[in-house]
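Here is a friendly tour of one protein model, written for someone who likes to think in contacts and charges. Have the coordinates open and follow along.

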Amino acid sequence: MTPAHLADRLEKTPGPQLPSHPAIAVWRAAASADIDAIHAVVSAADAIDHPTWTTPRQDVAEAFESTHIDPARDTLVAVTADGEIVATGVSALHPSRAGGMLSVDLSGAVHPQWRRRGIGTALLRWLDARAQQQVARAAQSLEGGGSEGRLKAYVEEPNTDHATILAAQGYTAERWFSTMERDLAQPVTALPVPEGISLVPYDRARDADALAARNDAFRDHWGSLPSNEERWEQFVGGDFFRPDLSRMAVTDDGQIVAFCLASVNEEDFAALGASHAYIDLIGVVRSHRKQGLAPLVIAAALEAITAEGLERAVLDVDTDSPTGANRLYEGVGFVATHRVIAMVRRL
């Protein structure tokens with residue numbers, strides 16, 4: 001049987017058995033008409049789990065716009081007898097198959113008023129079972145070579161309930177990520193630009209080149225797989241990305257060799273207690289590392305963010321980054337505020 005025929009057969013395999021819970025009248029796949037109700041659940045959970053930032057509605061909508069997610073098979077919502085959605089989850093298989101790595105991100109939320117009743121456990125068991133199906137399907141569709149399945153969920157460190165139900169399902173803490181903030185009242189030290197390098201704002205005309213630079217810069221980072229054009233467009237073409245506050249280091253022959261990309265979501269200003277930009281990505285292509293380009297693009301972006309009148313810059317960093325990024329950010333004035341745990345189950 002060819003890989004295409006295997007994929008077709010596996011796609012038609014029934015999904016995992018739906019959960020059963022006395023407080024839930026219906027478990028079903030999410031639909032685009034549910035976006036606002038799902039966002040309401042996620043926002044209520046955000047206020048408890050990470051009160052300094054909120055999930056944009058755009059992020060919820062992307063589950064119904066991304067070709068690598070099939071909402072009818074990869075999502076689940078819990079609906080009460082009154083028709084209220086009180087829990088939601090997505091099992092998203094990353095579209096990359098690089099190196100045979102099959103990575104699934106499990107995300108979800110239970111409304112705080114409905115927690116500690118076993119709903120989260122029931123939801124996670126279904127998501128985990130669906131993720132196993134996704135990995136099995138993708139593995140049998142690969143032509144030659146082995147594969148490794150990795151199921152991953154991110155947990156805010158204070159959310160011990162979330163960590164507990166993941167651990168009970170066989171997930172273990174594998175990586176820690178720190179959220180760091182920088183007060184922009186603190187002056188930004190201007191750095192000399194090396195000969196042959198120019199610092200420029202992000203240029204949408206160079207999306208493809210920037211994507212290639214991103215994939216090169218992150219190919220040795222934990223948990224990172226190559227991004228594709230669709231996912232990149234969702235980011236740089238999204239409502240919050242700010243090309244004018246982002247900076248790229250470009251060689252005289254036009255190669256993008258480093259970048260610091262920022263976004264602004266004004267809905268988060270009140271939650272954090274300050275106007276701010278979020279730095280989504282900082283990277284240096286491997287051929288140009290150890291040349292001081294990372295602090296250079298960071299400083300340039302911080303200058304632009306400060307000139308915009310914003311009060312802080314925020315980012316997240318892998319505390320075991322191979323490039324020592326957390327130490328770099330401390331060196332330019334960022335201070336860690338809290339941590340997120342990546343919990344993983346390997347198949």
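This is a predicted model, so please read every distance below as computed from predicted coordinates.

Let us begin with helix α7, which spans residues 207-217 and has D207, A210, L211, A213, R214, N215 and A217 as its buried residues. The cover over these residues includes α8 (229-236), β9 (256-263) and β10 (276-284). D207 counts as buried because its relative accessible area of 15% is under the 20% cut-off. The side chain of D207 also meets that of R204 in a salt bridge, at 2.8 Å from N to O. R204, for its part, is partly exposed at 35% relative accessible area.

Seven of the nine residues of β10 are buried. With β9, β10 pairs in the antiparallel sense over six bridges, and C260 has I282 of β10 as its bridge partner. With strand β11 (residues 312-318), β10 pairs in the parallel sense over four bridges; here Y278 is partnered by V314 in β11.

Now for the charges. How many salt bridges does a search of the whole structure find? The search returns 20 salt bridges.

| Pair | N to O distance | Relative accessible area |
|---|---|---|
| D161 and R116 | 2.8 Å | D161 34%, R116 72% |
| R346 and E174 | 2.4 Å | R346 38%, E174 26% |
| D207 and R204 | 2.8 Å | D207 15%, R204 35% |

The D161 and R116 salt bridge has its N and O atoms 2.8 Å apart. This pair links distant parts of the chain, with D161 in helix α6 and R116 in the loop between β4 (101-110) and α5, 45 residues apart. D161 is partly exposed, whereas R116 is exposed.

R346 and E174 form a salt bridge with a closest N to O distance of 2.4 Å. Because R346 sits in strand β12 (residues 335-346) and E174 in strand β6, the pair ties together parts that are 172 residues apart in sequence. E148 joins E174 and R346 in a network of salt bridges.

Strand β6 (residues 172-183) also holds R182. Beyond its neighbours within four places in sequence, R182 is in contact with residues including P187, L302, E311, R312 and F334.

Q134 lies in helix α5 (residues 119-141) and counts as buried at 5% relative accessibility. Its side chain makes a polar contact of 3.3 Å with that of D74. Setting aside residues up to four places away in sequence, Q134 touches D74, S91, A92, L93 and V104.

H162 is in helix α6 (residues 160-168) and is partly exposed at 25% relative accessibility. The C-alpha atoms of H162 and G120 are 8.0 Å apart, although 42 residues separate the two along the chain. Outside four places in sequence, H162 is in contact with Y154 and V155.

Technical notes. Residues numbered from 1 in each chain as written. Predicted model: local features only at pLDDT ≥ 70, side-chain atom pairs only at ≥ 80, totals over all residues. Heavy atoms only, no water. Buried < 20%, exposed > 50% of the residue type's maximum accessible area, 1.4 Å probe, protein only. Helix = DSSP H or I, 4+ residues; strand = E, 2+ residues; numbered from the N terminus. Contact = heavy atoms within 4.5 Å. Polar contact = N/O pair within 3.5 Å; in protein donor to acceptor, adjacent residues only side chain to side chain. Pairing = 2+ DSSP bridges. Salt bridge = Lys/Arg side-chain N within 4 Å of Asp/Glu carboxyl O.
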